[in-house]
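Subject: Structure for you, with notes

Hello,

Here is the structure I promised to pass on. My notes follow below it.

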Amino acid sequence: MPLPPLARPAADLPTGETSRQAHQLILAGHGSEGQRRLAGGRVLVVGADEIGAPLIAHLADSGVGMIGVADGSPMDPWDRYLGLPDAEPADRATAWARVLGRTHPDLRTVTESWFELPRAREMVQDYDLVVCAGEDPARCQLVDDVCAEAGIPFVWGSMGPTGGRVSVFWDRHGPGIRDLFPRPPAPYFRGVSGTLKVVGAWLGVALATEVIKLLTGQGEALVGRVMEYDAMAGTCATGPLRPHERAARPAGPTAAEPFFGLLSPEATEAARESTITAEQLKELLDEGAPVNLVDVREPDEYAFAHLPGSVLVPQEEFLHGDAAARLPADRRTVLLCRAGIRSAEVLAVVKRSGHQDAVHLGGGILSWAQRIDPEMPTY
(Lines give C-alpha, C1' and ligand atoms only; values in the text may rest on other atoms or scores of the structure.)
Protein backbone atom coordinates (compact mmCIF):
# COMPACT_ATOMS: atom_id res chain seq x y z
CA MET A 1 0.00 0.00 0.00
CA PRO A 2 1.54 3.36 -1.03
CA LEU A 3 2.01 5.72 1.90
CA PRO A 4 2.02 9.53 1.89
CA PRO A 5 5.47 11.13 1.76
CA LEU A 6 6.95 11.98 5.15
CA ALA A 7 9.13 14.89 4.06
CA ARG A 8 8.00 18.28 2.91
CA PRO A 9 9.83 19.32 -0.26
CA ALA A 10 12.53 21.94 0.15
CA ALA A 11 11.91 25.13 -1.81
CA ASP A 12 15.11 24.66 -3.79
CA LEU A 13 17.98 22.23 -3.99
CA PRO A 14 21.24 23.36 -2.37
CA THR A 15 23.96 24.76 -4.61
CA GLY A 16 25.66 22.00 -6.55
CA GLU A 17 22.98 19.39 -5.83
CA THR A 18 21.47 19.68 -9.30
CA SER A 19 24.60 18.29 -10.91
CA ARG A 20 25.32 15.86 -8.08
CA GLN A 21 21.81 14.40 -8.24
CA ALA A 22 21.39 14.52 -12.02
CA HIS A 23 20.66 10.81 -12.33
CA GLN A 24 17.87 10.96 -9.74
CA LEU A 25 16.45 14.21 -11.10
CA ILE A 26 15.80 12.58 -14.49
CA LEU A 27 14.33 9.44 -12.94
CA ALA A 28 10.66 9.05 -13.85
CA GLY A 29 8.45 9.21 -10.77
CA HIS A 30 11.16 10.87 -8.68
CA GLY A 31 12.30 14.00 -10.46
CA SER A 32 12.59 17.41 -8.88
CA GLU A 33 9.83 16.93 -6.31
CA GLY A 34 11.24 13.66 -5.03
CA GLN A 35 14.71 15.14 -4.77
CA ARG A 36 13.44 18.23 -2.96
CA ARG A 37 11.60 15.97 -0.51
CA LEU A 38 14.89 14.21 0.20
CA ALA A 39 16.52 17.60 0.71
CA GLY A 40 13.78 18.40 3.23
CA GLY A 41 14.06 15.01 4.93
CA ARG A 42 15.30 14.54 8.51
CA VAL A 43 16.63 11.11 9.47
CA LEU A 44 18.03 9.88 12.79
CA VAL A 45 20.47 6.97 12.51
CA VAL A 46 21.00 5.05 15.75
CA GLY A 47 24.35 3.29 15.51
CA ALA A 48 27.13 3.99 13.00
CA ASP A 49 28.88 0.63 12.74
CA GLU A 50 29.18 -1.85 9.83
CA ILE A 51 25.51 -1.23 8.99
CA GLY A 52 25.07 2.39 10.04
CA ALA A 53 28.21 3.59 8.25
CA PRO A 54 27.18 2.59 4.70
CA LEU A 55 23.63 3.68 5.54
CA ILE A 56 24.80 7.18 6.46
CA ALA A 57 27.04 7.37 3.39
CA HIS A 58 24.19 6.48 1.04
CA LEU A 59 21.67 8.76 2.72
CA ALA A 60 24.10 11.67 2.38
CA ASP A 61 24.93 10.84 -1.21
CA SER A 62 21.24 10.49 -2.10
CA GLY A 63 20.58 14.05 -0.97
CA VAL A 64 18.90 13.71 2.44
CA GLY A 65 19.04 17.18 3.99
CA MET A 66 19.49 16.38 7.70
CA ILE A 67 21.08 13.33 9.29
CA GLY A 68 21.38 12.83 13.02
CA VAL A 69 23.88 10.23 14.23
CA ALA A 70 23.42 8.74 17.70
CA ASP A 71 26.51 6.72 18.55
CA GLY A 72 28.95 7.55 21.30
CA SER A 73 31.18 4.51 20.73
CA PRO A 74 34.86 5.22 20.10
CA MET A 75 36.13 4.62 16.59
CA ASP A 76 37.50 1.10 16.12
CA PRO A 77 39.91 -0.05 13.39
CA TRP A 78 37.06 -1.72 11.50
CA ASP A 79 35.12 1.56 11.45
CA ARG A 80 37.65 3.38 9.27
CA TYR A 81 36.10 2.89 5.88
CA LEU A 82 33.43 4.41 3.63
CA GLY A 83 34.44 8.02 4.05
CA LEU A 84 35.99 7.91 7.52
CA PRO A 85 39.69 8.67 7.01
CA ASP A 86 40.17 10.76 10.16
CA ALA A 87 43.05 9.69 12.34
CA GLU A 88 41.98 12.00 15.16
CA PRO A 89 40.36 10.29 18.16
CA ALA A 90 36.60 10.68 18.10
CA ASP A 91 33.39 8.82 18.72
CA ARG A 92 31.55 7.56 15.67
CA ALA A 93 28.95 10.34 15.61
CA THR A 94 31.59 13.08 15.81
CA ALA A 95 33.73 11.38 13.16
CA TRP A 96 30.81 11.29 10.73
CA ALA A 97 29.94 14.92 11.42
CA ARG A 98 33.52 15.93 10.59
CA VAL A 99 33.66 13.97 7.35
CA LEU A 100 30.22 14.93 6.06
CA GLY A 101 30.94 18.56 6.88
CA ARG A 102 33.73 18.38 4.30
CA THR A 103 32.20 16.10 1.67
CA HIS A 104 28.59 17.35 1.85
CA PRO A 105 28.77 20.95 3.10
CA ASP A 106 25.06 21.59 2.48
CA LEU A 107 24.01 18.59 4.58
CA ARG A 108 23.07 19.30 8.18
CA THR A 109 24.70 16.64 10.36
CA VAL A 110 23.64 16.48 13.99
CA THR A 111 25.73 14.68 16.61
CA GLU A 112 23.32 13.11 19.06
CA SER A 113 23.93 11.45 22.43
CA TRP A 114 23.25 7.80 23.12
CA PHE A 115 19.65 6.82 22.35
CA GLU A 116 18.42 6.41 25.92
CA LEU A 117 15.49 7.56 27.99
CA PRO A 118 14.61 10.24 28.83
CA ARG A 119 16.54 11.98 26.02
CA ALA A 120 15.15 9.58 23.36
CA ARG A 121 11.66 11.06 23.49
CA GLU A 122 12.95 14.57 22.94
CA MET A 123 15.43 13.44 20.29
CA VAL A 124 12.92 11.90 17.89
CA GLN A 125 10.79 15.04 17.78
CA ASP A 126 13.30 16.61 15.39
CA TYR A 127 13.13 13.80 12.79
CA ASP A 128 10.76 12.31 10.24
CA LEU A 129 11.86 8.75 11.05
CA VAL A 130 14.46 6.71 12.90
CA VAL A 131 16.73 3.96 11.53
CA CYS A 132 18.35 1.42 13.84
CA ALA A 133 20.09 -1.87 13.12
CA GLY A 134 21.64 -2.42 16.51
CA GLU A 135 22.76 -5.65 18.17
CA ASP A 136 20.88 -4.83 21.36
CA PRO A 137 17.24 -6.05 21.31
CA ALA A 138 16.35 -3.83 24.27
CA ARG A 139 17.51 -0.73 22.41
CA CYS A 140 15.54 -1.73 19.30
CA GLN A 141 12.42 -2.16 21.44
CA LEU A 142 13.03 1.26 22.94
CA VAL A 143 13.35 2.81 19.46
CA ASP A 144 10.11 1.09 18.41
CA ASP A 145 8.24 2.30 21.50
CA VAL A 146 9.48 5.89 21.25
CA CYS A 147 8.71 6.04 17.53
CA ALA A 148 5.20 4.65 18.11
CA GLU A 149 4.59 7.27 20.77
CA ALA A 150 5.81 10.01 18.38
CA GLY A 151 3.82 8.59 15.45
CA ILE A 152 6.84 8.15 13.17
CA PRO A 153 8.27 5.07 11.39
CA PHE A 154 11.12 2.92 12.66
CA VAL A 155 13.23 1.43 9.88
CA TRP A 156 14.80 -1.70 11.35
CA GLY A 157 17.57 -4.05 10.32
CA SER A 158 19.23 -7.08 11.86
CA MET A 159 22.54 -8.65 10.87
CA GLY A 160 23.55 -12.29 11.24
CA PRO A 161 26.70 -14.21 10.27
CA THR A 162 26.00 -14.25 6.52
CA GLY A 163 22.66 -12.51 6.07
CA GLY A 164 20.21 -10.01 7.45
CA ARG A 165 16.62 -8.84 7.75
CA VAL A 166 14.90 -5.50 7.15
CA SER A 167 11.43 -4.20 8.00
CA VAL A 168 9.57 -0.96 8.72
CA PHE A 169 7.60 -0.68 11.94
CA TRP A 170 5.00 2.11 11.91
CA ASP A 171 2.44 1.85 14.67
CA ARG A 172 -0.38 3.60 12.85
CA HIS A 173 0.03 1.48 9.71
CA GLY A 174 1.18 -1.98 10.77
CA PRO A 175 2.82 -4.35 13.26
CA GLY A 176 5.74 -3.44 15.51
CA ILE A 177 8.93 -5.16 16.54
CA ARG A 178 7.16 -7.09 19.32
CA ASP A 179 4.94 -8.70 16.69
CA LEU A 180 8.09 -10.06 15.08
CA PHE A 181 9.66 -10.89 18.46
CA PRO A 182 6.98 -11.44 21.15
CA ARG A 183 9.91 -12.43 23.33
CA PRO A 184 13.20 -10.55 22.93
CA PRO A 185 15.50 -12.52 20.64
CA ALA A 186 18.90 -13.79 21.67
CA PRO A 187 21.32 -11.05 20.62
CA TYR A 188 23.82 -11.82 17.88
CA PHE A 189 27.03 -10.05 18.82
CA ARG A 190 29.24 -9.73 15.74
CA GLY A 191 32.39 -9.14 17.79
CA VAL A 192 32.03 -12.60 19.33
CA SER A 193 30.65 -14.85 16.60
CA GLY A 194 31.81 -12.99 13.51
CA THR A 195 30.12 -11.82 10.33
CA LEU A 196 30.81 -10.99 6.70
CA LYS A 197 31.23 -7.22 6.60
CA VAL A 198 29.70 -7.00 3.12
CA VAL A 199 26.39 -8.08 4.67
CA GLY A 200 26.47 -4.83 6.63
CA ALA A 201 26.85 -2.91 3.37
CA TRP A 202 23.88 -4.75 1.88
CA LEU A 203 21.78 -3.94 4.95
CA GLY A 204 22.89 -0.31 4.88
CA VAL A 205 21.75 0.07 1.27
CA ALA A 206 18.47 -1.78 1.96
CA LEU A 207 17.72 0.46 4.95
CA ALA A 208 18.63 3.61 2.99
CA THR A 209 16.24 2.52 0.23
CA GLU A 210 13.36 2.17 2.72
CA VAL A 211 14.16 5.63 4.09
CA ILE A 212 14.07 7.16 0.60
CA LYS A 213 10.74 5.49 -0.18
CA LEU A 214 9.21 6.75 3.06
CA LEU A 215 10.49 10.31 2.71
CA THR A 216 9.31 10.64 -0.89
CA GLY A 217 6.16 8.48 -0.76
CA GLN A 218 7.41 6.30 -3.62
CA GLY A 219 7.10 2.56 -3.99
CA GLU A 220 5.98 0.02 -1.39
CA ALA A 221 7.70 0.39 1.97
CA LEU A 222 8.30 -2.75 4.03
CA VAL A 223 5.48 -1.94 6.46
CA GLY A 224 3.91 -5.22 7.54
CA ARG A 225 6.59 -7.19 5.71
CA VAL A 226 10.05 -8.57 6.47
CA MET A 227 12.76 -8.91 3.84
CA GLU A 228 15.41 -11.58 4.48
CA TYR A 229 18.76 -11.88 2.70
CA ASP A 230 20.94 -15.00 2.67
CA ALA A 231 24.31 -14.16 1.13
CA MET A 232 25.51 -17.76 0.98
CA ALA A 233 22.37 -19.02 -0.76
CA GLY A 234 22.15 -15.90 -2.94
CA THR A 235 18.49 -15.40 -2.05
CA CYS A 236 16.37 -12.47 -0.97
CA ALA A 237 12.79 -13.15 0.10
CA THR A 238 9.98 -11.02 1.50
CA GLY A 239 7.20 -12.34 3.70
CA PRO A 240 4.24 -10.86 5.59
CA LEU A 241 4.39 -9.72 9.22
CA ARG A 242 1.09 -9.85 11.05
CA PRO A 243 0.10 -8.77 14.57
CA HIS A 244 0.99 -11.42 17.12
CA GLU A 245 -1.59 -12.34 19.74
CA ARG A 246 0.98 -12.33 22.54
CA ALA A 247 2.67 -9.08 21.55
CA ALA A 248 2.05 -6.30 24.05
CA ARG A 249 3.50 -2.82 23.98
CA PRO A 250 4.10 -1.31 27.44
CA ALA A 251 2.10 1.71 28.55
CA GLY A 252 5.13 3.87 27.85
CA PRO A 253 8.74 3.47 26.72
CA THR A 254 10.87 1.93 29.42
CA ALA A 255 14.59 2.07 29.99
CA ALA A 256 15.02 -1.68 29.65
CA GLU A 257 18.45 -2.96 30.52
CA PRO A 258 20.40 -2.83 27.24
CA PHE A 259 22.40 -5.81 26.19
CA PHE A 260 25.69 -4.00 26.65
CA GLY A 261 26.86 -6.72 29.03
CA LEU A 262 26.61 -9.15 26.10
CA LEU A 263 25.59 -11.97 28.44
CA SER A 264 22.37 -13.87 28.95
CA PRO A 265 20.88 -13.68 32.47
CA GLU A 266 22.02 -17.27 33.13
CA ALA A 267 25.59 -16.50 32.09
CA THR A 268 25.60 -13.29 34.12
CA GLU A 269 24.56 -15.18 37.24
CA ALA A 270 27.03 -18.00 36.62
CA ALA A 271 29.92 -15.58 36.14
CA ARG A 272 29.04 -13.39 39.11
CA GLU A 273 31.25 -15.25 41.61
CA SER A 274 33.14 -17.48 39.16
CA THR A 275 35.28 -15.12 37.09
CA ILE A 276 39.04 -15.02 37.48
CA THR A 277 41.51 -12.45 36.15
CA ALA A 278 44.46 -13.11 33.88
CA GLU A 279 46.76 -12.59 36.87
CA GLN A 280 44.87 -15.16 38.93
CA LEU A 281 45.00 -17.69 36.11
CA LYS A 282 48.74 -17.14 35.71
CA GLU A 283 49.21 -17.74 39.42
CA LEU A 284 47.28 -21.02 39.20
CA LEU A 285 49.36 -22.17 36.24
CA ASP A 286 52.65 -21.10 37.83
CA GLU A 287 51.75 -23.07 40.98
CA GLY A 288 50.99 -26.15 38.94
CA ALA A 289 47.46 -26.29 40.28
CA PRO A 290 45.36 -29.16 38.86
CA VAL A 291 43.18 -27.30 36.35
CA ASN A 292 41.46 -28.29 33.14
CA LEU A 293 42.00 -25.31 30.83
CA VAL A 294 39.27 -25.41 28.16
CA ASP A 295 39.18 -23.03 25.18
CA VAL A 296 35.64 -22.76 23.76
CA ARG A 297 36.45 -20.83 20.56
CA GLU A 298 36.47 -22.18 17.00
CA PRO A 299 39.38 -24.22 15.55
CA ASP A 300 40.65 -21.39 13.32
CA GLU A 301 40.75 -19.02 16.28
CA TYR A 302 42.52 -21.57 18.44
CA ALA A 303 45.12 -22.19 15.73
CA PHE A 304 45.82 -18.46 15.50
CA ALA A 305 46.53 -18.02 19.22
CA HIS A 306 45.96 -20.06 22.37
CA LEU A 307 47.27 -20.59 25.87
CA PRO A 308 49.76 -23.44 26.27
CA GLY A 309 48.17 -26.41 27.97
CA SER A 310 44.63 -25.51 26.92
CA VAL A 311 42.37 -27.95 25.08
CA LEU A 312 39.91 -26.92 22.38
CA VAL A 313 36.24 -27.76 22.91
CA PRO A 314 34.09 -25.36 20.81
CA GLN A 315 31.12 -23.68 22.45
CA GLU A 316 28.57 -25.60 20.36
CA GLU A 317 29.70 -28.89 21.90
CA PHE A 318 28.62 -27.55 25.29
CA LEU A 319 25.42 -25.82 24.18
CA HIS A 320 24.16 -28.62 21.93
CA GLY A 321 26.30 -31.62 22.86
CA ASP A 322 27.59 -33.58 25.83
CA ALA A 323 30.90 -31.76 26.38
CA ALA A 324 29.94 -30.71 29.92
CA ALA A 325 29.32 -34.33 30.92
CA ARG A 326 32.77 -35.28 29.63
CA LEU A 327 34.69 -32.82 31.82
CA PRO A 328 36.99 -34.45 34.39
CA ALA A 329 35.75 -34.36 37.97
CA ASP A 330 39.19 -34.46 39.60
CA ARG A 331 40.32 -31.06 38.32
CA ARG A 332 38.88 -27.57 38.37
CA THR A 333 37.68 -26.46 34.94
CA VAL A 334 38.79 -23.03 33.71
CA LEU A 335 36.98 -21.83 30.58
CA LEU A 336 38.27 -19.19 28.21
CA CYS A 337 37.48 -17.62 24.84
CA ARG A 338 38.45 -14.45 23.00
CA ALA A 339 36.78 -11.83 25.22
CA GLY A 340 34.99 -13.75 27.98
CA ILE A 341 31.52 -13.83 26.43
CA ARG A 342 31.33 -17.36 25.05
CA SER A 343 33.15 -18.77 28.05
CA ALA A 344 30.57 -17.21 30.40
CA GLU A 345 27.72 -18.76 28.42
CA VAL A 346 29.45 -22.15 28.57
CA LEU A 347 30.08 -21.65 32.29
CA ALA A 348 26.33 -21.58 32.92
CA VAL A 349 25.99 -24.95 31.16
CA VAL A 350 28.97 -26.42 33.02
CA LYS A 351 27.62 -25.34 36.40
CA ARG A 352 24.23 -26.87 35.62
CA SER A 353 26.01 -30.15 34.87
CA GLY A 354 27.38 -30.25 38.43
CA HIS A 355 30.82 -28.60 38.15
CA GLN A 356 30.12 -25.89 40.70
CA ASP A 357 33.81 -24.99 41.13
CA ALA A 358 34.28 -24.14 37.43
CA VAL A 359 35.36 -20.60 36.54
CA HIS A 360 36.03 -18.60 33.40
CA LEU A 361 38.69 -16.09 32.40
CA GLY A 362 37.26 -12.58 32.44
CA GLY A 363 38.21 -10.72 29.28
CA GLY A 364 39.42 -13.91 27.60
CA ILE A 365 42.73 -14.22 25.81
CA LEU A 366 42.55 -10.52 24.95
CA SER A 367 42.99 -9.83 28.65
CA TRP A 368 45.79 -12.40 28.85
CA ALA A 369 47.63 -10.76 25.94
CA GLN A 370 47.20 -7.28 27.40
CA ARG A 371 48.22 -8.12 30.98
CA ILE A 372 50.43 -11.19 30.82
CA ASP A 373 51.82 -11.88 27.33
CA PRO A 374 52.07 -8.82 25.04
CA GLU A 375 53.69 -11.01 22.36
CA MET A 376 50.55 -13.07 21.93
CA PRO A 377 48.85 -12.25 18.60
CA THR A 378 45.35 -10.81 18.95
CA TYR A 379 42.43 -10.37 16.60
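Start with Tyr-229: its relative accessible area is 22%, so Tyr-229 is partly exposed (buried means under 20% relative accessible area, exposed over 50%, partly exposed in between, with a 1.4 Å probe and protein chains only).

Two notes on the source. This is a predicted model, in which local features need pLDDT of at least 70 and side-chain atom pairs count only at pLDDT 80 or more, while totals for chains, interfaces and linings use all residues. Residues are numbered from 1 along each chain as its sequence is written, and side-chain values use heavy atoms, with hydrogens and water left out.

**Aromatic rings**

Rings of Phe, Tyr and Trp (its six-membered ring) pair if their centres lie within 6.5 Å; planes under 30 degrees apart count as stacked, over 60 as edge-to-face and the rest as tilted. The count by this rule is five aromatic pairs. One of them joins Trp-202 and Tyr-229: the ring centres are 4.3 Å apart and the planes stand at 15°, so this pair is stacked. It links distant parts of the chain, with Trp-202 in helix H10 (residues 197–216) and Tyr-229 in strand S7 (residues 225–230), 27 residues apart. Helices (H or I, at least four residues) and strands (E, at least two) are DSSP runs, numbered from the N terminus. Trp-202 is partly exposed, also with a relative accessible area of 22%.

Phe-304 and Tyr-379 make an edge-to-face pair, because their planes are at 90° and their ring centres 5.7 Å apart. Phe-304 lies in helix H13 (residues 299–304) and Tyr-379 in the segment after helix H16 (364–371), so the pair ties together parts that are 75 residues apart in sequence. Phe-304 is partly exposed at 44% relative accessible area. Tyr-379 is partly exposed at 32%.

The charged end of Arg-338 sits over its ring, 5.1 Å from the centre (the rule: NZ of Lys or CZ of Arg within 6 Å of the ring centre and within 35 degrees of the ring normal).

There is also an aromatic cluster, formed by Phe-154, Trp-156, Phe-169 and Phe-181.

**The sheet**

Five strands form an open sheet with parallel pairing, in the order S9-S13-S12-S10-S11. Two strands pair if DSSP finds at least two bridges between them. Strand S9 (275–276) and strand S11 (311–312) are the edge strands, each pairing on one side only. S9 runs parallel to strand S13 (residues 359–361), and two bridges join them. Ile-276 stands opposite Leu-361 in S13.

**Leu-285**

Leu-285 is in helix H12 (residues 278–287). Its relative accessible area is 32%, so Leu-285 is partly exposed. Which residues does Leu-285 touch, not counting those up to four places away in sequence? Val-291 and Trp-368, where contact means heavy atoms within 4.5 Å. Gly-174 is 111 residues from Leu-285 in sequence and 58 Å from Leu-285 in space, C-alpha to C-alpha.

Cys-132 counts as buried, at 1% relative accessibility. Cys-236 is in no disulfide either, and the nearest cysteine sulfur, again that of Cys-140, is 19 Å away. Cys-236 counts as partly exposed, at 46% relative accessibility.

Best wishes

Methods
A disulfide is a pair of cysteine sulfur atoms within 2.5 Å.
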